[in-house]
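Dear colleague,

I am passing on to you the structure discussed for handover. Please find it below, followed by a summary of the findings.

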Amino acid sequence: MSGQRLILGFDFGTRRIGVAVGNELTASARALDPLPARDGIPDWSRVARLVDEWRPDLFVVGLPLNMDGSESVMSTRARKFGKRLFGRYGIPCEMADERGSTREAKAIARDAGHRGNYREDSVDGLAAVLILEAWLARAEGLPPRS
């Protein structure tokens, strides 16, 4: 039922996939542990555990478009990931423009004292939160965060 759905959001990456959980009722999200990936392929058993635990009504996958809005190699791979989610779990998947989310996540992390080693201390979960919260705001008709 729209308005009360639980949503898993993903920030697709080749080494790590950020994950967030949110719901339409509060229009907010929180980060979960990122999924390790090998060349963009997660451990599907870990994804299955997330699906079993959270029982989402919808997936939202960040779509890494180029700044001019054109598709990139990574956006093609993110779309493929979204199709695989739908194919495996039968849960609808929407793609969400994620331009600037990683940059914003890094800025937020820096402001909170992050030392800058993103490989060791990733911001993938925070990026997934930003993607999902932006999608929720658009779904609610709210202006995007600046």
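Please note that this is a predicted model.

I begin with the sheet. It is open and consists of 6 strands, in the order E4-E3-E2-E1-E5-E6, with mixed pairing. Strand E1 (residues 6-11) pairs with E5 in the parallel sense, over 4 bridges. Within this pairing, Leu8 has Phe59 of E5 as its bridge partner.

Helix H2, in turn, lies across E1, E2, E4, E5 and E6, and runs at about 170 degrees to E5.

I would also draw your attention to Ser72, which belongs to the loop between strand E5 (58-63) and helix H2 (73-89). Is this residue buried or exposed? Ser72 has a relative accessibility of 16% and, because buried means under 20%, Ser72 counts as buried. Its side chain reaches the backbone oxygen of Pro64 at 2.8 Å. When neighbours within four places in sequence are left aside, Ser72 is in contact with Pro64 and Asn66.

With kind regards

Methods:
Residues numbered from 1 in each chain as written. Predicted model: local features only at pLDDT ≥ 70, side-chain atom pairs only at ≥ 80, totals over all residues. Heavy atoms only, no water. Helix = DSSP H or I, 4+ residues; strand = E, 2+ residues; numbered from the N terminus. Buried < 20%, exposed > 50% of the residue type's maximum accessible area, 1.4 Å probe, protein only. Polar contact = N/O pair within 3.5 Å; in protein donor to acceptor, adjacent residues only side chain to side chain. Contact = heavy atoms within 4.5 Å. Pairing = 2+ DSSP bridges. Axes fitted to C-alpha atoms, helices over the stretch in contact; angles between N-to-C directions.
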